[in-house]
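Let's take a walk through this structure together. Keep the sequence and the 3D view at hand as you read.

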Amino acid sequence: MTVYRDYTRARIGWFFGLTGLQLGLLAAAVLPVAWSISKQDWAAVGLSILLWGLLFGVVAVPVRGRSMTGWITSTVSLAAGTLAGWTRFRARATTGQARPQEQEQADLPGILASVVIHEGPPTGHSHRRVALIQNHSTRTWAVTASIVHPGLGMAEAEDREVYGQGLTELLDAAVRAELACEVIFMVRTVPEDGAERADWVRRHRTGNAPAQVTAINDDLHESLTAATVRTEQYVTVVVPESRLGKVAREYGGGVNGRARALYAAIAEVESHLRGGLGVSSVEWLTSPQLAHACRTGFAPGDRATIIDALAASQTDDDVCTDVPWEMAGPSGADAAVRHYSHDAWNSVSSTIKLPVKGAAMGALAPVLSAHQDGERRSFMVCYPLVPPGRADRQSANSEFGADLGQSLRVAARMKQRTKDVDESEKVRRLESKLARGNSLTIPYAVATVTVPKTVRAAEAGRRLDSSIRRAGFAPLRLDLAHDVAFASSVVPMGISLTRKAG
């Protein structure tokens, strides 16, 4: 079985693991110490050394994956947002302020508030109007597809290697096209509600069936429904406005021009999905379908009612099956420190650190295994695509930092740790691969568990972390940022943790 381990950090420390900015701050903080020593003011020397040590702890010492500066900034931001009421969301429909004439305007919380949904022009033989997701805060456009994949549980080692090569070809082609900036894969395991089978039984069961047979079928339906889950898979292609706007001019500009450019991009992505990745079905979501995916993301229990409405619409044309965008989000949501609360559900998210020893394709499967009735698991894997020019500069800087750090350790007669040697070798292998035409991507993954509010969120988060460790990865709870992590790993609308606003 192929094990993938040749990934590396974006940057390597120049001086004993410190970056250039950290080294500059600490070097500047030494000047007051030297000045006090020159004046022989020993009290000032002691105070300066104490302050320098405090600065070193804030700048250079990581705490649970973040620097102390990051923790302080995030804590102050969350506290200020809570006091100002920014972290509390209430849908306009719950306050009687819904505007029917603006039902296509999404009413979503937090980072999703700046998202606008456009319907693209008809395309394909079925003349589908694909939903275009415009995010004003990050200046990006995205398109989402629902896919069906046979899975990796029963796949042979050769098939998994083919899938891995197909993913590489997809990312390389996206980089060469110089349009997409991210490709996001998302998987949601939803507890089976039995809505489809209940509708089938209602339509096909006859009144003269033996009572014993009917009871056996009902018992089987109840037990199997509680023990099974439904898997939903999505892929999202994200394109920045800075690139899309230039290409859209060739198609006439405006929303239609951007839609035509996006259609050309997703057609190439679809060919790779159906080819090397072995995807059997690719369906680019329309606006109503995306609204369903968004609503069931915030409220997993609403899926059964939507299925019932779709079944009733087969015989009654007056039944409403669409979810208006003003009602596609939660009725209320609150961002807490340790979890994210939305409607009658709580969600806890953790990011997944890639292990040093490597990981096989399909190793994340245990993360999706639910351990309690009503529990929903989901994760996203994001592949940010680095342009070739920037990738070459990052590789050159990382290689220069590795060489400089190695030279300084040799000059100081310090023994090099195996970890430092391995990181340096990874940097050099990366430069070699880039020189041969491969593309650079820095993937990351986020997993989320969603449970009813009758279940303790802390216990659900602990089970999620345990599943991640059982899969061979290290979890890191995304405290103070569970709302953003939920939006990126559950709602398939192209939300990223690495892209900054503007």
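Start at serine 350, which sits in strand E13 (residues 345–353); strands here are DSSP runs of at least two residues, labelled E, and helices are runs of at least four, labelled H or I, all numbered from the N terminus. This is a predicted model, so local features need pLDDT of at least 70 and side-chain atom pairs count only at pLDDT 80 or more, while totals for chains, interfaces and linings use all residues. Residues are numbered from 1 along each chain as its sequence is written, and side-chain values use heavy atoms, with hydrogens and water left out.

Is serine 350 buried or exposed? Serine 350 is buried, because its relative accessible area is 0%; buried means under 20%, exposed over 50%, and partly exposed in between (1.4 Å probe, protein chains only). Its side chain makes a polar contact with the side chain of aspartate 465, at 2.9 Å. Such a contact is a pair of N or O atoms within 3.5 Å; within protein, one must be able to donate a hydrogen and the other to accept it, and residues adjacent in sequence count only if both atoms are side-chain atoms.

Now hop over to valine 282, in strand E10 (residues 281–284). Valine 282 counts as buried because its relative accessibility is 9%. Setting aside neighbours within four places in sequence, valine 282 is in contact (heavy atoms within 4.5 Å) with residues including Ala145, Ile147 and Leu273.
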